[in-house]
Amino acid sequence: MAFVEESYDVAVVGAGHAGCEAALACARLGLETIIFTVSVDSIALMPCNPNIGGSSKGHLVRELDALGGEMGKNIDKTFIQSKMLNKSKGPAVHSLRAQADKQSYTREMRTTLENQPHLTIRQAEVSEILTEEFDIRKKKITGVKTTSGAVYHARAVVLCTGVYLNSRCLTGDLIEYTGPNGLRSATHLTDSLKNNNVRMFRFKTGTPARVDKRTLDFSKFEVQKGDVPVIPFSFSTKFESVQKEQVDCWLVYTNENTHNIIRNNIDRSPMFNGSIEGVGPRYCPSIEDKVMKFPDKNRHQIFIEPEGLYTNEMYLSGMSSSMPEDVQYEMYHSMEGFENVHIVRNAYAIEYDCIDATQLKSNLEFLNIDGLFAAGQFNGSSGYEEAAVQGLMAGINAAMKLKGREAVILDRSQAYIGVLIDDLVTKENFEPYRMMTSRSEYRLLLRQDNADIRLREIGHEIGLVSDEEYQDTCHKIDLINKEIDRLKSTYIGNSDLVNSFLSAHGSNTLSSGISLAELIKRPELDYELIKDLDKERPTLPYTVREEVNIEIKYEGYIKRQQTQVDAFKKLEYKKIPLDIDYNSISNLRLEARQKLSKIKPENVGMASRISGVSPADISVLLVYIESYKHRSEK
Amino acid sequence: MIDDTICALATAAVESGIGIIRISGSEAVSIASKFIKSKSGKAVDISESHRIKYGFVYSDEEPLDEVLVMTMLAPKSFTGEDTVEIDCHGGVLMMNKILEVAVNNGARLAEPGEFTKRAFLNGRIDLSEAEAVGDLISSENDYALKASIKQLRGSVSDKIKRFRSQILEDDAFIEAALDDPEHITLDGFKSDLEQHVTGIIKELEYLISSSDDGKRIKEGIRTVIIGKPNAGKSSLLNILVGSERAIVTDIAGTTRDTLEEHINLKGISLTIVDTAGIRETDDTVEKIGVERALDAADNADLIIYVVDSSIPLDDSDHRIISRIQDRNTIVLLNKSDLNQVIVQSELESMTNKTVIPISAKNNFGIDKLESEITSMFFSNRINFNDQVVITNLRHKHCLINANNALHEVINSINLDMPEDFFTIDMMRAYEELGYILGEEVSEDLINEIFSKFCMGK
């Protein structure tokens with residue numbers, strides 16, 4: 001039978017947030033790339049919450065942007081409200097979050113993809129991965145096949161299937177075998193993966209109802225305004241371009257009545273009556289989960305967020321559910337201001353196939369299938385941002401491999417991206433993985449404000465950051481260093497003027513001279529506050545002033561964290577030979593042997609983070625590696 | 001850490017004339033220089049390799065012990081690193097104190113097998129020994145872990161667990177609020193936290209002061225004599241000790257409680273414990289004695305089971321035999337001067353232990369017992385050595401570190417730092433306390449966040 005046959009360097013399966021980044025990265029690095037989607041209209045779809053960023057996720061977007069990804073630029077073009085979260089807390093946990101106009105977001109990303117040289121968009125369902133034997137017990141990817149029988153040869157394939165593999169949506173006992181929003185699910189690829197010995201998991205997630213704005217009584221809600229001025233996500237976006245009119249979000253609470261409706265119908269929830277097979281995230285629990293798990297709470301916050309500028313649909317953040325339609329109807333109507341609400345789309349839970357990501361290496365390539373990469377919810381993560389950064393890294397690493405260049409692996413001390421990927425590939429993960437700031441050991445160093453300082457250079461080396469963008473960052477770093485040096489070497493005396501300024505700010509007066517840097521370190525003062533004492537201060541952009549303040553003010557804490565990082569790096573640089581046979585190391589405990597053989601960590605640091613591997617096992621491993629090295633040298 | 005500076009006892013923690021403390025790592029010389037001084041408190045230059053220097057170990061400006069110090073610079077040392085060895089006066093307490101001084105000056109207590117591991121990694125030990133090094137690490141670690149947990153009294157470990165769960169809960173609350181600032185507020189939490197942390201600090205400081213040196217440190221190999229009443233246990237003790245410590249009569253059940261004596265056997269320290277005879281009894285006092293005897297046996301490093309060879313084995317013997325199955329035990333067939341009703345080979349096959357015929361009364365066979373004990377010790381079959389002292393010191397050190405970390409938390413609160421700065425030191429305290437219990441941190445925090453706080457969109 002005749003069939004279509006084409007050849008590419010890279011094939012990307014799925015055009016969600018991971019797939020878009022992967023495809024753009026490969027095409028921008030000059031590789032002929034094809035991206036498959038079950039519907040071109042659903043490129044970069046936001047089927048759940050209408051925002052990008054948030055605590056720790058904002059960090060991910062910033063880092064992605066610094067490396068040359070697209071998400072930050074895309075949301076800067078399409079946001080309708082922006083907020084810096086945690087502003088009252090330390091700089092490490094400040095996090096940007098923007099409400100998106102969903103349709104614009106999708107359209108803009110699609111336009112970017114459509115106009116990207118070397119990139120082909122193809123609407124089709126990929127049903128098979130094509131492989132050939134490569135080495136003993138190892139395979140190599142050769143391409144993909146679609147349901148129509150068409151064959152696309154590719155030297156590398158990136159799987160970003162999101163929640164579409166064998167997906168089914170549940171609303172009470174109503175089960176629909178579709179992807180999100182009624183889009184078709186992909187029903188063949190799981191079998192093909194299983195035939196290639198890929199271990200699969202089944203996860204679950206959910207989304208709340210969308211309601212008609214015109215049927216809500218806004219006088220009953222608290223308004224939530226955006227920040228002025230707006231801070232852009234992308235380091236390349238001009239500050240002025242994001243200062244625009246913003247829309248409001250709103251806050252409402254569930255009440256005892258809502259909770260009673262849920263309790264009375266809990267046996268009809270698929271979560272509680274056993275018809276859900278997948279494992280859901282603990283982070284984003286459904287409202288029924290919250291009510292049952294926290295019976296003492298008599299109300300829960302619900303944020304009402306617009307889905308866009310040109311729609312009346314409102315998203316009810318905090319109220320995802322898989323209750324039957326009639327229960328949802330009652331439950332949504334029970335809230336104040338919702339008495340006459342019209343539901344546009346029901347809430348539902350969705351189940352899907354994903355992989356056990358410990359089968360991947362740190363470059364997001366399968367251990368046992370050469371050239372096959374994976375990213376996004378397919379890897380067991382949750383969230384647009386988590387997906388996007390994996391897509392970017394998988395795309396970059398597919399490109400690096402084809403170009404014969406070294407893999408780009410960020411470690412836990414370099415980026416949240418490094419933490420995320422390291423967690424996914426080394427820790428056994430039994431629920432959708434969400435980024436959290438508490439997962440990062442060195443978060444004082446991994447701030448959203450210094451993502452460019454940390455990563456621009458790497459992005460430039462990869463080839464996704466332009467010379468101009470890179471020069472901007474170098475210039476910024478230069479300004480920061482000069483200003484810090486100046487503040488450390490500029491002393492002021494104990495004049496009456498200085499002392500009256502200090503006592504006016506509740507700060508101890510001086511008896512002798514002190515550097516400006518020392519003054520900034522005082523808890524009650526900062527860089528901006530002391531500007532009247534600083535006669536020779538140059539005019540500097542906000543991003544530079546912010547960095548200078550943080551670096552000086554928190555110097556002690558930052559140094560302590562840097563010491564921890566130095567210790568961490570030592571184990572991280574101890575590579576473990578890939579062909580090591582753990583079962584032959586008799587003095588490793590059995591559990592450690594099993595875990596290590598399964599996960600195959602690339603270095604001793606990774607091995608030490610695997611649960612069930614003790615410090616003593618690590619010592620034994622170090623000794624073994626050393627003798628192994630000597631033996632193979634002989 | 002791979003290349004920090006470590007310290008440990010290089011000789012067994014037993015009562016002996018001389019003890020050696022070894023410090024190894026790039027900072028070894030500079031750390032030792034901080035506390036090795038002349039009698040008048042002046043600096044002693046110990047930087048020259050392979051030279052012996054005379055001086056004093058100082059603790060808080062006070063001379064602690066008169067010592068000889070030998071520096072061996074890399075690579076000419078056992079570990080291949082800069083090494084300082086301090087020959088001090090033996091004695092568990094003194095060695096322990098000097099080790100503590102080294103730790104206070106910046107050395108870290110070595111992990112089990114760590115000196116050997118470093119020697120190996122630095123190419124000072126032949127490759128063919130890699131396997132043995134691995135074994136040493138894993139077995140010493142198993143041992144240290146057991147010893148560590150065994151030493152914690154229940155009340156102390158309960159306390160530490162309570163501190164940890166309080167710290168974890170507070171930390172998880174902060175983290176939950178950082179991750180979900182719109183749902184969870186930290187308003188007013190600082191004062192709660194300050195109160196919790198101050199409370200823990202108070203209790204920690206009490207624990208630290210009470211863990212101090214005045215307390216009895218277990219010395220040497222704990223050797224428990226066990227057997228039926230009148231089997232000759234107390235006579236044996238008296239022979240070994242060389243004095244009439246235990247009241248020896250021929251009335252069964254004379255020893256109603258346990259008695260302890262310290263002896264030195266060819267350089268090996270033993271704590272010998274005489275116990276009440278094991279038998280079914282209605283006498284309340286004696287019953288308690290029997291229980292204590294069995295407990296003592298359970299905690300022994302070595303059991304000496306004394307059997308009266310002139311009377312047949314009964315239920316009490318079987319009870320003992322089952323209790324000593326997988327323990328280091330020497331069986332003594334006493335009263336070899338009387339008519340034998342028990343045959344040595346039968347008892348050997350029944351107990352699977354070495355059986356030595358003796359006569360405590362005639363001082364016969366005691367030399368064989370002594371040589372059996374020494375050979376067991378030197379072949380490492382019994383080795384209750386340094387780890388007990390080490391774990392004591394290690395526990396104390398962890399408590400101090402945890403306490404310091406919590407003081408940092410209070411400091412950050414007083415400086416009005418944002419809440420996310422507290423978590424760094426809170427988790428450090430949590431980890432340190434976890435080392436004492438032998439627990440790893442890994443996913444505790446994430447699990448606590450999800451189980452205690454309602455998170456998310």
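**Notes on the predicted model**

1. Let me start with Arg108(B), which counts as partly exposed because it has 18 C-beta neighbours inside 10 Å, while a buried residue would need 20 or more. Keep in mind that this is a predicted model.

2. Staying with that residue, Arg108(B) sits in strand β7 of chain B, which covers residues 108–109. Leaving out residues up to four places away in sequence, Arg108(B) touches Asp4(B), Thr5(B) and Ile6(B). Lys37(B) is 71 residues from Arg108(B) along the chain, and 21 Å separates their C-alpha atoms.

3. Next, have a look at the nonpolar cores. The largest has 174 residues, and the members touching the most others are Ala11(A), Ala22(A), Val157(A), Val158(A) and Ala375(A).

4. An open sheet of three strands runs in the order β3-β5-β4, with antiparallel pairing. At its edges are β3 (51–53) and β4 (79–85) of chain A, each pairing on one side only. On average, neighbouring strands of this sheet are turned by 20° against each other, direction ignored.

5. Within that sheet, three bridges join β3(A) to β5(A) (residues 95–100) in the antiparallel sense. Asn51(A) lies opposite Gln99(A), a residue of β5(A).

Notes
Residues numbered from 1 in each chain as written. Chains lettered and ligands numbered in written order. Predicted model: local features only at pLDDT ≥ 70, side-chain atom pairs only at ≥ 80, totals over all residues. Core = buried A, V, L, I, M, F, W, Y, C linked by C-beta atoms within 7 Å. Buried ≥ 20, exposed ≤ 12 C-beta atoms within 10 Å, placed from the backbone. Pairing = 2+ DSSP bridges. Helix = DSSP H or I, 4+ residues; strand = E, 2+ residues; numbered from the N terminus. Axes fitted to C-alpha atoms, helices over the stretch in contact; angles between N-to-C directions. Contact = placed C-beta atoms within 7 Å.
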